[in-house]
Amino acid sequence: MKTHYCHNILKGLFVSFVILTIAGCASGNRASFDSGLESSEPVAKKLTITVQENAHSNTLRSMIGEYERTHPDVKVEIVRLPSDRYEELLHMMMTSGEGPDLFHASTRWIATYLYKNWLLDLSDWVEPDLLAEYPGWAVDYTRTNSRFYAIPSELTTLRLVYNKELFRHAGLNPEAPPETLSELRDYAIRISQAGQGYRIYGFALPAGENETLHQALEAGSTRSGHYYYRYEDGVYDFSVYLPWFEAILEMKQEGGVFPGETSLSMDTALTQFAEGYIGMMYMTSRDFFALTQSMEDHSSLGVALPPVYSEAAKDNGALMLTLQAPLAVHNHTEYRTEAVDLWKTLHAEAFQDQLFREGLSIPVRRMSVTNAGTDRALSAFQPVGQESPYPQEPKFILENRSVDMFANLSDSLRMSAYRDILLGVTAPEEALDSLSGQYNRSLENAIYRGLINMEHYIYPEFDPLRPINEIK
């Protein structure tokens, strides 16, 4: 796909773009370029794989090293992009015509990538034996007729994690975590009041990052049967989140929330949690693994399903399992055979099981998900019967002239509106109604322009308790 000259031009332009657009960020939030094994021998072929900056660094490099040993004429370069801007930066690379040979394609943008002809059809490249080790829904997730383009191979689960010692100190039962939003609010306030003068807070919401805000609000609400996109009729309705914001704002007003939530990062929140200053937090399985690695003794940690909106909403829906962006091969790669071989290597049992054993991900692959060899502390994050992936939803660029196109591309606008609510800049009902109108108008425009076929995104018989049954 690329000549060596074009590759260098791309790298130079892209690094310049990242420096200009992410100036002032910490060094850990910049794009970086890694190579596989160093070699003095000339390499005839080069492959580039684009990943998020936190994507299994050591394990990924090790597996790519194994690949390079069996493909001595190929050199693999890993391009790491900032996690919070991955989608928009990848989109820029792809639209430039010089995208990577392999990349993690967000499940929220698969349909757009197909429309732009960026994904290689893998149906003639991948053996049936490999496909047989994945659930049918995973193989069908990107299938169009007899073609498929990627397989979701990793997922994360969501839980409410709490400090049992802080529960006891506040007079709460450490074996009875909050089950509803009202209980979450009350517990958080009691923990903060009991820890007054010790910088202890009942609840932390790292809303400074899009993904953590998405998990706590959007993914967590699905257990109550609430999601901003109505799969049964293809309409957006953000008003379903009003009770959630009201509970958090009440909690915040009473001093139950760790301060500075709209700029708080997950890393900072996890550090404060490990040091005993936070009573409760929403965490993914990946976040929890990072937390336990920083604690010598994590026996004080409790893990529970996210609270539901109310007793009446209990188990109204399946808790959303977040599918990590599946690996795809660029349709215009110069080295299709080599790129597909690398794709297969990163879907092999050895790699998937290693990620599982290290607590870095929960593989979708059947044999790994049921592996009982996980750390006992992580066992509470294994998927249960009330959890499921959800079908894809339409993705499009929002019509908003006040911000640039890329801000609309990666859901930043939606998250910005949520933060304005938390900051008190906009009233919750007003902000949520505005989002609903904006999304529905933009969707109608995308349909009118022929950019989206809604037949792929409407499920008249959609059942929130069994959403996976509706994946086509």
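Predicted model: local features only at pLDDT ≥ 70, side-chain atom pairs only at ≥ 80, totals over all residues.

Biologist: Let's start with charges. Why is the contact between D140 and R143 called a salt bridge?

Modeller: The rule wants a side-chain nitrogen of Lys or Arg within 4 Å of a carboxyl oxygen of Asp or Glu. The side chains of D140 and R143 come to 2.7 Å, N to O, so the pair passes the 4 Å cut-off. By this rule the count comes to 20 salt bridges.

Biologist: Why are D140 and R143 called partly exposed?

Modeller: Buried means under 20% relative accessible area and exposed means over 50%, with partly exposed in between. D140 has 28%, so it counts as partly exposed. R143 has 31%, so R143 gets that label too.

Biologist: What makes E175 and K164 a salt bridge?

Modeller: Their closest N and O atoms are 3.5 Å apart, and the cut-off is 4 Å, so that's a salt bridge. The pair links distant parts of the chain: E175 sits in the loop between α7 and α8, K164 in helix α7, 11 residues apart.

Biologist: Are those two partners buried or exposed?

Modeller: One of each! E175 has 53% relative accessibility, so it counts as exposed. K164 has 16%, which is why it counts as buried.

Biologist: What about E179 and K314: how do you know that they form a salt bridge?

Modeller: The closest N and O atoms of E179 and K314 are 2.8 Å apart. E179 has 41% relative accessibility, so it is partly exposed. K314, with 29%, is partly exposed as well.

Biologist: On to helices. How do you know that the length of α17 agrees with what its 12 residues should span?

Modeller: The expected span is 1.5 Å times one less than the number of residues. For the 12 residues of α17, residues 412–423, that should give 16 Å, and the end C-alpha atoms are 16 Å apart, so the two agree.

Biologist: What makes α17 "mostly covered"?

Modeller: Nine of its 12 residues are buried, and buried means under 20% relative accessible area. Among the buried ones are L413, M415, Y418 and I421, and also R414 and R419. Just after α17, G424 takes a positive phi of about 80°.

Biologist: Which residues form the negative surface patch?

Modeller: E246, E429, E430 and D433. Asp and Glu count as negative, so the patch gets that name from its members, E246, E429, E430 and D433. Helix α18, residues 428–448, gives the most to the patch, with three residues. E430 is in α18. With a relative accessible area of 54%, E430 is exposed, because the line for exposed is over 50%.

Biologist: Now something hidden. Why is L158 called buried?

Modeller: L158 has 0% relative accessibility, so it counts as buried. You'll find L158 in strand β6. Between L158 and F381 there are 223 residues of separation in sequence, yet their C-alpha atoms are 7.3 Å apart in space.

Biologist: And P394: how do you know that it is buried?

Modeller: Its relative accessible area is 1%, so P394 is buried. P394 is in the loop between β16 and α16. P394 and I110 are 284 residues apart in sequence and 9.6 Å apart in space, C-alpha to C-alpha.

Biologist: What stands out about the backbone angle of N117?

Modeller: Its phi is near 65°, a positive value in a residue other than glycine. N117 lies in the loop between α4 and α5, and at 40% relative accessible area it is partly exposed.

Biologist: Where is R199 found, and why does it count as exposed?

Modeller: R199 is in the loop between α8 and β7. R199 has 52% relative accessibility, so it counts as exposed. R199 also has a positive phi, about 60°, although it is not a glycine.

How values were computed: Residues numbered from 1 in each chain as written. Heavy atoms only, no water. Buried < 20%, exposed > 50% of the residue type's maximum accessible area, 1.4 Å probe, protein only. Helix = DSSP H or I, 4+ residues; strand = E, 2+ residues; numbered from the N terminus. Patch = residues over 30% accessible without salt bridge, like charges linked within 9 Å, V, L, I, M, F, W, Y side chains within 5 Å. Areas by Shrake-Rupley, 256 points an atom, 1.4 Å probe, with all protein chains shown as cover. Charge placed at Lys NZ, Arg CZ, Asp CG, Glu CD.
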